[in-house]
Amino acid sequence: MSNKKIGILTSGGDCGGLNAAIRSIFYRAKNKYNMDVFGIKDGTAGLMQRPVAAVQLTHKTFEGYLLRQGGTFLGSTNKGNPFKFPTKDGKFIDTSKEIIEGYHQMKLDGLIIIGGDGSMQILKKLAKEGDMKIVAIPKTIDNDVGATESSIGFHTAVDVATQALDNLQSTAASHRRAMILEVMGRDAGHIALNAGIAGGADVILIPEIKYSIDGIIKKLNEMKKHDVQHSLIVVAEAVKKEDGSRVMHKYMDGEKRLGGIGDYIASELMKKTETECRVTALGHVQRGAPPTASDRILASAFGVYAVDLLNQEKFDRMVAWRDRRVVDVPIDEGISTYKNVERKDSLVETALSLGIYLGDEV
Ligand code: F6P
């Protein structure tokens, strides 16, 4: 009987730990089951190319620094839904059949997809329509996939943001400034809350909790009463202006992304107080950094488990981290709940107990 043949693709925004996951999948598949493992380039875009853009992975592939490197050496894309794929002339076409055909041309016994909730939703639909045998591994710095306590990439993003606060503290103190750090996380405040606690923030603004500029000013004034003249403010990118509007950045190619709320907070504070503010928007540094030990470990554990699922022909499952171990759930269940920060989360209480201003409703 010939060896089983499996594929791996990374989809959506990259993050630290993806290469560690690919490495782990390869070792488990090769060493335990003697499978042939192919890495598909650029997410589903690789399956649209003819011949399909894929490379066979070998032990040699992983001899170097991949475990330690951020990003994904296979490439990824978070542009376009294949069911409504944007063309250069501004139209939308359905490319799902090409992707499904590419998968079948490869004669795969299964495909491991490493993606966030958006990618999993799309691949799940493709798999259903095209009889593709998939297993999913959750990755996202936003850590918003409901079924898993941790997704690959989150710890690394938190670590980068914490280090940024460490670096900002000294310069904030030297100049007696309020340093505002804008972090990613899309509609969830996990990166801001976790890094804010770890990095000693005085104010943490997250999309889930309403704040006011007056509330921030009150906190800064209280600090001044204790003769603390500098401060660290962390703001998540999806925090809205006081009037409820979102702050977006429009790029030349027409793509709109969250960004700029840090500048808004700074200008409002400077309008109303004598506090000098400066803003650091961390951006993609949170995604490209070398993965932390926790992310490498999580990615390695997920990779092994995902291959075992494929080998047992348990398809349409997502691996998840719960109670210190890997489990698996149906993909639908995995992505059915979006995990926001909730008032009852222990970290909210932790932040409040540390005297951090989180908003006016808590
Ligand atoms: O979902 C991950 C994420 O990094 C978000 O935190 C952020 O809003 C977005 O992706 C940025 O997307 P892009 O890489 O397309 O700029």
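The model is predicted: local features need pLDDT of at least 70, side-chain atom pairs count only at pLDDT 80 or more, and totals for chains, interfaces and linings use all residues. Residues are numbered from 1 along each chain as its sequence is written, and side-chain values use heavy atoms, with hydrogens and water left out.

**Ligand site**

- Polar side-chain atoms sit 2.5 Å from a ligand oxygen atom for Glu237, 2.7 Å for Arg257 and 3.3 Å for Arg186; the cut-off for a polar contact is a pair of N or O atoms within 3.5 Å.
- On its own the ligand has 400 Å² of accessible area, and the protein covers 87% of that (Shrake-Rupley method, 1.4 Å probe).

**Second largest pocket**

- The volume is about 300 Å³. A pocket is an open set of points on a 1 Å grid over the protein atoms alone, with protein on both sides within 12 Å along at least five of seven lines; volume is the space filled by probe spheres set on the points, which are joined across faces, edges and corners.
- Helices H6 (190-198) and H12 (346-353) each supply at least two lining residues, and H6 gives the most, with 3. Helices (H or I, at least four residues) and strands (E, at least two) are DSSP runs, numbered from the N terminus.
- By class, the pocket lining splits into 5 nonpolar, 7 polar and 5 charged residues.

**Largest cavity**

- There is 1 cavity of 30 Å³ or more, a cavity being a set of points where a 1.4 Å probe fits but cannot get out. The largest cavity holds about 50 Å³ of space.

**Aromatic pairs**

- The structure holds 4 aromatic pairs, meaning rings of Phe, Tyr and Trp (its six-membered ring) with centres within 6.5 Å.
- One of them is Tyr27 with Phe62, a tilted pair at 6.1 Å centre to centre and 50° between the planes; planes under 30 degrees apart are stacked, over 60 edge-to-face and the rest tilted.
- Tyr27 is in helix H1 (residues 18-33) and Phe62 in the loop between strands S3 (54-56) and S4 (85-86), so this pair ties together parts 35 residues apart in sequence.

- The Arg50 to Pro51 peptide bond is cis, with omega near -10°, and Pro51 lies in the loop between helix H2 (44-48) and S3.
- Lys107, a residue other than glycine, has a positive phi near 50°; Lys107 lies in the loop between helix H3 (96-105) and strand S6 (110-115).

Definitions and conventions:
Polar contact = N/O pair within 3.5 Å; in protein donor to acceptor, adjacent residues only side chain to side chain. 1 Å grid on protein atoms, 1.4 Å probe; cavity = no way out; pocket = protein on both sides within 12 Å on 5 of 7 lines; lining within 4 Å. Nonpolar A, V, L, I, M, F, W, Y, C, P; charged D, E, K, R; others polar.
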